[in-house]
Amino acid sequence: MPPFPCNPLLLAIAAPLAVALAIGLGLPKRWSLRLAYLGFAAPLLCALHVWWHFNNAPKAFGYAYLASYSTGLDGLGIGLKLGVNGIALPLFVLAGVVGFAAGLYALQSTAERLKLYVMLLLVMQAGLMGVFASVDVFFLYFFHELALIPTFIMVGIWGGRDRNYAAMTMTIYLTLGAMLSLLGLIAIYVKSGAHSFDLIALRATLADRPLAVVAQHHLFGLLLFGFGVLVSLWPLHSWAPLGYGAAPSSAAMLHAGVLKKFGLYALIQVVLPLLPAGLGAWGHTLALLAGFGNVLIIGLVTIAQRDLKQMIGYSSVMHMGYAFLGLACGSALGVGGVVLLMVGHGLSVSLLFLLATSVHQRTRTFTMADMGGLGKAAPVLAAFFVAATFASIGLPGFANFWGELTIFVALWPFSAGFTILAVAGVVISAIYGLRAAARVFFGPPSEAFALVAQQHPPTDLSWSERIPALILIAALLFIGLWPRSIARPVDAGLAAIAAPIAPTSTAGGVSPL
Amino acid sequence: MDLSLLQHLAAGNTWGAIRPELALGCLALGLLVLDLLFPKRAGGLVACVSLAGQLAVLADVLCHFHSVWLNQDTFNGLLHPSLAGQAMRVFLLLSSILVVLLARVTLAKHPAPRIEFYHIVLVVTAALMLLVQSNHFVMLFLALETVTVGFYILVSYFRTSTASLEAGLKYLILGALSSALLLFGIAILYGVAGNPFLPGHSADAMRYAELAQFLTLNPHNFLASVGIVLVLAGVAFKVGAFPFQIWIPDVYQGAPTPVTAFLAVASKGAGFAVLLGLVLRAFPSYGWLVTPVITAMAVATILFGNLAALTQHNVKRLIGLSGVSHAGFLLLGVAAAPYAPLAVGAIYFYLLAYLIASFTVFGVMAHLAGPEDSDQELEHYAGLAKDHPFLGAVLAIGLGSLAGIPPLAGFMGKFFVFVAAYQAGMHGALVVAIAGVVVSIYYYFGWIKAAYFEAWKAPAAGSVPVPTPVGKLFGLVLGVLALGSIVLGFYPGPLGHWLQW
């Protein structure tokens, strides 16, 4: 391992924060934007560095690059402890990739008060990197909130239609979820008697002295719904389409693509290993909510959407249903599938949001009935959009495929009925995805679009839009064609914490290849 | 009375222990002299002299933080200097300094006399500092009355404003009522503890330690319970806890902005220090009564404060009612204090975070207020972030910290209090507290929304007061306060040792 000047995890968090601070202190605009490129690139480079060296890096308790920094609260057992294990690594990389793409896309945009916009994105980026690099549960929560607050502000200032209502709804829903989960985390901290928020210490303590089964059931329920709100578990999902519909593109990319995965990540990394008995009590409820609510009901609702961005928002709610189904079956295979799906979905949904905004710039509307035939004028945009749709449906060759396939396989021993339901969901997502692509890009242009096209002849994707999109597509294809690059660390990560996660009969490992 | 008794009494008078309070008193008198000597120039001079004096006293307290009189009774047990008391002294001095700074902004817009304002602020600060160290009910009552009488004047300081006068009258009547309750409670406790037919009766039951001893020997005395509840009620009025919060919106709205800040921060903070002293030192054996009463008050206060704040459009009323909900969160900590070692430190941390955030917000309010101080509506904030980006940013940080959003200091305060409450096993109350936090997001964000998102609503020039330009000194102070919220949120370390109290 070549020597790195400082801990890459810390650098990934500190670099965007430092740039944001510099911009906030009044750097002139030209310099701000130049420095911002650096602020977005540094986390990506750090993430790639960590990914490259992960297998050979020295590890303790499955964590590489462990480092502790005191914030003066050692007496309470709180400290900034950084490290990535096999489960965190793919998401850390995801955050780096999506953050870079979203940053590039924001920097080429013509938003008003661009400096403030970029600054908030940088803060969000720092929070995202922090979430997946924290070993301390307190800081896990802390960084999540750090990334969340800019989202609200960005929706409020740069949002589209109904931005005030959307920002407020999103804020209240997500605060509710965050507060419930905070309560649950405090409960675990106090009840475990570990006097520490350090996940490694908590795992060790609770492996020795697990909580009473009843307490585990209660806490699991609390945390499931707390984190569930954050991941838009049906019926607590209604903030998501509304918020994403109104959010400016880069904020939607970062939130839907990465930050939303925090809830699932915390469930996998914290809740399942610490409260192993909880899933037994809640697994079926969760599967019911996710299967019927997220996949079936929201799937049908998505078909009925007329607004392109709202449709993408609903589709992301629907795909979270698969993730919850994977969690519900509780096997290492299912949980591993969730991690793969999180990465795939994060890449594909942020690509869709990016392209939707590019579509909007050419059609001046998000209403799909007022579009049509854009593919003629913008073939590259059309190709990208169709590719993103294929990825989102879960066609082989893209990252999502492996996540969904693994979840379906893991789901079969859990419940055949839910497996059938989930596979039916793929058909639903194919219907709305392909219909949307057809309405926007193919067929004769609608009257409204013909009018717009006359005044502002649509152009194809510019290179400044193409590059971020290409980065995301490349990542989707890379993982789709070589899933082992992600599956191997996930396997190792799950094995380290898998003891409490009951393996089902077929669970051999995640590796699809 | 013979000579030896007098000598004994005199020996207890350790004047050095109350040096800061004495200095503040002398400073207050000095300001009046200054007015006599330089009647023309005193207006600007007096604030500077007052500030310099307060800073000197603050430096003195900080330099002698671990003073020699720590943890021993002074003045024959009237006062009990402790580390917590020292921390509160710093807290109160900080808030009085900030109040004087605010007053420079607000008084400049009004034809009210200057010197008396600073004079009374100093006297009230000294009394508050004695109050938080009191170890004896006589001291408690005397200091509390000095504070309250001072506030009667301060609240109705703008004699030409009907709102201010109305507020003063309301505060006077309800304050007198609460003092009566407190006094009645003290009298009952003194009476019952002096009853020679009860075990452990004491001739000096005004002293916390003696009373605590008596209460330990009589764990379920009915009269004592009544007295305790009345005393708690009297203090609850000062901190604005349900059901004694009814005066808050009107008084906060009518009082001049610096006085509102003084009431909201210093008076409330001192109230909590007193409450902690009573719960931990005077009534420790009555936990069966005190804990449920305070927990119930906390729950009701959180619910009332947050729900009532939802519908407010006047920012002074809004911050008053949100302050009620903060009192509720702090009461949660007080209720947990006998059972969770973390609680006391958590309360002091919370108070400090609350001071910083509140004065940030009040600082912005003082600049935005027009000639009629009670008329500060949410609509006046429309477009603030665009026209005055500095004030907008500072306001957002202050409000975010009050709302308890990470990574700001207010979040850490709430977090510590919640951990303490969970350690004390108050699960039901915590659920209410969390619901309260979620509700509070609505109105705090409503305010931020007004300042940031509603630029197109900015009313025509002339219909709202024009903000006062921010002076260099005040800009610096606002910047430091905002930065303080952020730094304490990211790195609460320097104060981490408080949490081990």
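## A look at chains A and B

With 31 C-beta neighbours inside 10 Å, Ser232(A) counts as buried; the cut-offs are 20 or more other C-beta atoms within 10 Å for buried, 12 or fewer for exposed, and partly exposed in between, with C-beta atoms placed from the backbone. Ser232(A) sits in the loop between H8 and H9 of chain A, and its phi is positive, about 60°, although it is not a glycine.

Some housekeeping before going on. This is a predicted model, where local features need pLDDT of at least 70, side-chain atom pairs count only at pLDDT 80 or more, and totals for chains, interfaces and linings use all residues. Residues are numbered from 1 along each chain as its sequence is written, while chains are lettered from A and ligands numbered from 1 in the order in which they are written. The model scores ipTM 0.85 and pTM 0.89. Chain B averages a pLDDT of 87, and 96% of its residues score at least 70; pLDDT is the predictor's confidence in each residue, from 0 to 100.

Helices here are DSSP runs (H or I, at least four residues; strands are E, at least two), numbered from the N terminus.

| Cis peptide bond | Omega |
|---|---|
| Trp234(A) to Pro235(A) | about 5° |
| Phe242(B) to Pro243(B) | about 0° |

His195(A) is another residue other than glycine with a positive phi, near 50°. The loop between H6 and helix H7 (199-208) of chain A is its place, and with 13 C-beta neighbours inside 10 Å it counts as partly exposed. Ser109(A) is partly exposed as well, with 18 other C-beta atoms within 10 Å, and belongs to the loop between helix H3 (88-108) and helix H4 (114-133) of chain A. Ser109(A) and Ser249(A) are 140 residues apart in sequence, but 9.7 Å apart in space, C-alpha to C-alpha.

**Where the chains meet**

In all, 24 residues of chain A are in contact with 24 residues of chain B, contact being C-beta atoms, placed from the backbone, within 7 Å. On chain A's side, helix H5 (137-158) and helix H6 (163-192) each supply at least two residues. H6(A) gives the most, with 12 residues. That side of chain A divides into 15 nonpolar residues, eight polar and one charged. Nonpolar covers Ala, Val, Leu, Ile, Met, Phe, Trp, Tyr, Cys and Pro, charged covers Asp, Glu, Lys and Arg, and the others, Gly among them, are polar.

**Chain B and a helix pair**

Chain B has 19 helices and zero strands. Its radius of gyration is 22 Å, close to the 23 Å that the globule rule gives for 501 residues, so chain B is as compact as a globular protein of that length; the radius is taken over C-alpha atoms, and the rule is 2.2 Å times the number of residues to the power 0.38. Of the 501 residues of chain B, 58% count as buried.

Helix H4 (residues 83-107) and helix H14 (residues 342-368) of chain B have axes that come within 10 Å and cross at roughly 5°. Axes are lines fitted to C-alpha atoms, for helices over the stretch in contact, and angles run from 0 to 180 degrees between N-to-C directions. The crossing makes H4(B) roughly parallel to H14(B): angles under 35 degrees count as roughly parallel, over 145 as roughly antiparallel, 65 to 115 as roughly perpendicular and the rest as oblique. The residues of this contact divide into 15 nonpolar, four polar and no charged.

How values were computed
Two residues are in contact if their C-beta atoms, placed from the backbone, lie within 7 Å.
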